[in-house]
Amino acid sequence: MTSTFPNISISTERLVLRPLDEDDVPALAEMMNDEQVGAWTDVPQPFTEEGARNWIAEYAPAERETGRGLDLAVTEFLTQRLVGVVQLAKTNWHVRATELSYIVAPWARGEGYASEAALAIAQWLFTDQKFERIELRTAADNTASQQVAQKIGCISEGVLRGACIAHVRRDDGTWADVRTDFIVWSLLPEDLDGAGDQLADSGGFTSFGEWN
């Protein structure tokens with residue numbers, strides 16, 4: 001029987017991580033059309049609201065139900081505004097390992113939201129889900145993503161040469177593929193020692209059905 005992640009809500013001091021829903025479609029589509037998202041991810045460009053709706057209604061549920069991963073909206077605790085997305089993928093339930101990635105909306109960058117969300121889901125994985133390893137892969141020139149990995153305590157394990165396809169804008173506005181390296185990072189439970197408790201006192205980990 002395939003193991004799966006639960007429908008979960010995770011609260012931190014400033015954020016709520018929860019399943020994506022239909023109300024997120026406009027903000028998700030806007031966020032995914034950002035230049036940095038186009039450069040460092042394989043999200044189709046331009047990204048339409050239909051694409052966002054398919055992600056929310058079909059792709060994300062399938063990833064969770066098959067045990068491959070988990071996609072969560074990252075929202076501001078006070079405003080409930082969508083500030084980003086965190087994803088778990090390529091999950092190995094026997095090894096208790098998964099790959100973490102994150103995207104933050106352009107207007108929300110520089111606020112520490114990515115590291116706060118990444119640390120929260122790491123704590124949940126290690127404590128509630130009993131995982132033993134989280135892996136991150138960042139493009140060689142994606143310094144912002146690398147800084148997030150460092151902030152949450154990840155250890156750089158090495159470089160996968162020529163393993164990443166990044167994207168650059170051509171003069172005519174279309175995108176061109178550019179091959180680059182992946183930096184591989186890992187996070188183990190002991191790496192979080194002393195990181196501090198980032199979860200809200202009144203929130204923590206709750207079933208999504210119990211979160212309002």
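Visitor: Buried means under 20% relative accessible area, exposed over 50% and partly exposed in between (1.4 Å probe, protein chains only). Thr-41, then: buried or exposed?

Guide: Thr-41 is buried, at a relative accessible area of 18%. This is a predicted model, where local features need pLDDT of at least 70 and side-chain atom pairs 80 or more, while totals for chains, interfaces and linings use all residues. Residues are numbered from 1 along each chain as its sequence is written, and side-chain values use heavy atoms, without hydrogens or water.

Visitor: Where does Thr-41 sit?

Guide: You'll find Thr-41 in the loop between α2 and α3. Helices (H or I, at least four residues) and strands (E, at least two) are DSSP runs, numbered from the N terminus.

Visitor: What does the side chain of Thr-41 reach?

Guide: The backbone oxygen of Val-37, at 2.7 Å. A polar atom of the Thr-41 side chain also lies 3.2 Å from the backbone nitrogen of Val-43. Leaving out residues up to four places away in sequence, Thr-41 touches Ile-103 and His-167 (heavy atoms within 4.5 Å).

Visitor: OK, new topic. How many residues are in the largest nonpolar core?

Guide: That core has 38 residues, and Leu-17, Tyr-102, Ile-121 and Trp-124 have the most contacts inside it. A core here is a set of buried Ala, Val, Leu, Ile, Met, Phe, Trp, Tyr and Cys joined through side-chain atoms within 4.5 Å.

Visitor: Which helix gives the largest share of this core?

Guide: Helix α4 (residues 113-127), with eleven residues. There's also a second, separate core of 18 residues, with Val-37, Phe-47, Ala-60 and Leu-82 among them.

Visitor: And α5, which residues are buried there?

Guide: In α5 (residues 143-151), Ser-145, Gln-146, Val-148 and Ala-149 are buried. Their cover includes β5 (97-104), α4, β6 (133-139) and β8 (175-187). Just after α5 comes Gly-153, with a positive phi of about 100°.

Visitor: Switching to rings: how many aromatic pairs turn up in the whole structure?

Guide: Five. One of them is Phe-5 with Trp-93, which is tilted because the ring centres are 4.7 Å apart and the planes are at 50°. Rings of Phe, Tyr and Trp (its six-membered ring) pair with centres within 6.5 Å; planes under 30 degrees apart are stacked, over 60 edge-to-face, the rest tilted.

Visitor: Where are Phe-5 and Trp-93 placed?

Guide: Phe-5 is in the segment before β1 (8-11) and Trp-93 in the loop between β4 and β5, so the pair ties together parts 88 residues apart in sequence. Phe-5 and Trp-93 are both buried. Together with Trp-124 and Phe-131, they form one aromatic cluster.

Visitor: What about Phe-47 and Trp-55, how do those rings pair?

Guide: Edge-to-face, with 6.2 Å centre to centre and 85° between the planes. Phe-47 and Trp-55 are both buried.

How values were computed: A polar contact is a pair of N or O atoms within 3.5 Å; within protein, one must be able to donate a hydrogen and the other to accept it, and residues adjacent in sequence count only if both atoms are side-chain atoms.
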